[in-house]
Amino acid sequence: MPDLKKRRRVTETIRAICAWLVALIVFFPIFWMVLTSFKTELGAFSMPPEFLFTPTLENYREILERNNYLHFAWNSLVTSGGATLLGMLVAVPAAYSFAFHPSQRTQGTLMWMLSTKMLPGVGVLVPIYLLARASGLLDSRILLVIVFALVNLPIMVWMIYTYFRDIPRDILEAARMDGATTAQEIYRVLLPVSRGGLASTALLALILNWNEAFWSLNLTTTKAAPLSALVASFASPEGLFWAKLSAISTLACAPILILGWGSQKQLVRGLTFGAVK
Amino acid sequence: MSEARHPSRAGRLTASPAIIMLFAWMIVPLVMTLYFSTQYYNLLYPGKTKFVGLENFTYFFTYPSFLTSLVNTLLLVGSVLVITVVLGVLISVLVDARFPGQGIVRMLLISPFFIMPTVSALVWKNLLMNPVSGLFAWLFQLVGLTPINWFSDWPLLSIILIVAWEWLPFAILIFVTSLQSMDQEQKEAAQMDGATPVAVFRHLTLPHLARPIAVVVMVESIFLLNIFAEIFTTTGGGPGDATTNLPFLIFTQALLEFDVGAASAGGLVAVVLANLVAVFLIRLIGKSLTEA
């Protein structure tokens, strides 16, 4: 018996070491990016790579001093925040309808909504581009707000729907008995009890909007371009500023990474439409 | 109960904004794409627009890059799915048992999912895969090998590696969550009866993961069919059209060559392809999504 116990401990230790090793490998590119952001441009390019060096904040200082970084960050904040808000305003009532007033068509409608998410962006890029150009909305933040909101609307409806589905209907029926209108039902009863679910839906939408690149790259140039487009502009070969690229990338990703770490449990539910618990 | 059968007024009113907006988002561009696909329409020659029937489609289909881009699209989606599902299952089983620092390990593992596609593409390209100063080149030299020139010698593989790195965390996130709900008593009973870890994995763990695997395949397919930013920021579709997938080909037609007609025809091909995949996937697991 003690022998078996010992063997078990050894396997467990090996397992833990393997798990840590795999995790460090997967995380390494992010670690390396953050590390590089504290190097000098020369150090970022040096071979063999610098592992021990005197960290400098020079890259961050330069980026923040160039006011264009703040311009792109502001665009990211306004477009992803605005799109999240707009999406929530439309998704909450829809999810309410599907969860509490289901009809025979509800399941079909939900599947149809999901299928619009499968409509490839390139399939509708040309018309959206031409419509945006004709209406003078090209390279405007309002356009990105609308597009981001529409792109993620199906996921938001689904996610809120899965939360609403679990709320006992008696609560709403009791309110209706007391003479509450539909709007009162939603705002006074439903929203307070589903605050957590709504918060994580908004969070997920914010993450997806913040990282979105296809529409930002194709519908903006500079005026409304968010951070993901700014980072892409470093792709050009003449811009070999890897320490600065790393610093911009770190600044662009840090807030979302922290949000993501804080909400991983809820994200599973949202991204899989409650199909995995 | 009658309320459950007939949509009430409140039900219809509250759902309509979302339905109308999504319907417009889907149908307006699609109809326009359909119309443009039958026109000769180049943004550089706006006056010359005229009806050309199916010419754009024949042009697009016989375009040498079309077949390459179709194959690239399927290769990209397929390999990333295989890599993320296989590694995702293995890693999830590895981190499922309790061990010191489990929470931190999971946080590290899911982190790449939150990194912007443009950022991860550029970090991989410049900091890791650069043949002169990248970390991989240094590692290769350490063991006496010649560094690989990733993006010129193995362009598609490079893109696949980057995209797989971005999506592996998603698979892990889903599988780990699902493993937590597994029946531990059954597992322990099997182990008591002398089942090997491999047998437990094959006969208990894998069947339990069937549904999450289906979900991962479906969600990832939606996004992988549309991979764009990673290609845009690293190879620009090249060298030649080695890394041009369908979205990128249509992008070059539309916004670089200004050929709205051909791009629209290509867009419709992409829509049809996505729908084939979607119908297949929804048949496969759509039911389990709505039941729950």
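A cavity is a set of points, on a 1 Å grid over the protein atoms alone, where a 1.4 Å probe fits but cannot get out, and its lining residues have an atom within 4 Å of a point. Grid points are joined across faces, edges and corners, and a volume is the space filled by probe spheres set on the points. The whole structure holds 6 cavities of 30 Å³ or more.

This is a predicted model, in which local features need pLDDT of at least 70 and side-chain atom pairs count only at pLDDT 80 or more, while totals for chains, interfaces and linings use all residues. Residues are numbered from 1 along each chain as its sequence is written, chains are lettered from A in the order in which they are written, and side-chain values use heavy atoms, without hydrogens and water.

**Largest cavity**
- Its volume is about 780 Å³.
- Of its 36 lining residues, Lys117(A), Glu212(A), Ala213(A), Trp167(B) and Phe223(B) lie nearest the centre.
- The lining has 27 nonpolar, 5 polar and 4 charged residues (Ala, Val, Leu, Ile, Met, Phe, Trp, Tyr, Cys and Pro are nonpolar; Asp, Glu, Lys and Arg charged; the others, Gly among them, polar).

**Second largest cavity**
- The space here is about 70 Å³.
- Lining residues include Trp32(A), Lys39(A), Trp242(A), Asn126(B) and Ser133(B).
- The lining divides into 5 nonpolar, 5 polar and 2 charged residues.

**Domains of chain A**
- Domain 1 covers 1-45 and domain 2 covers 68-235, with bounds from an automatic or database domain assignment.
- Their centres, taken over C-alpha atoms, are 37 Å apart.

Note on methods: 1 Å grid on protein atoms, 1.4 Å probe; cavity = no way out; pocket = protein on both sides within 12 Å on 5 of 7 lines; lining within 4 Å.
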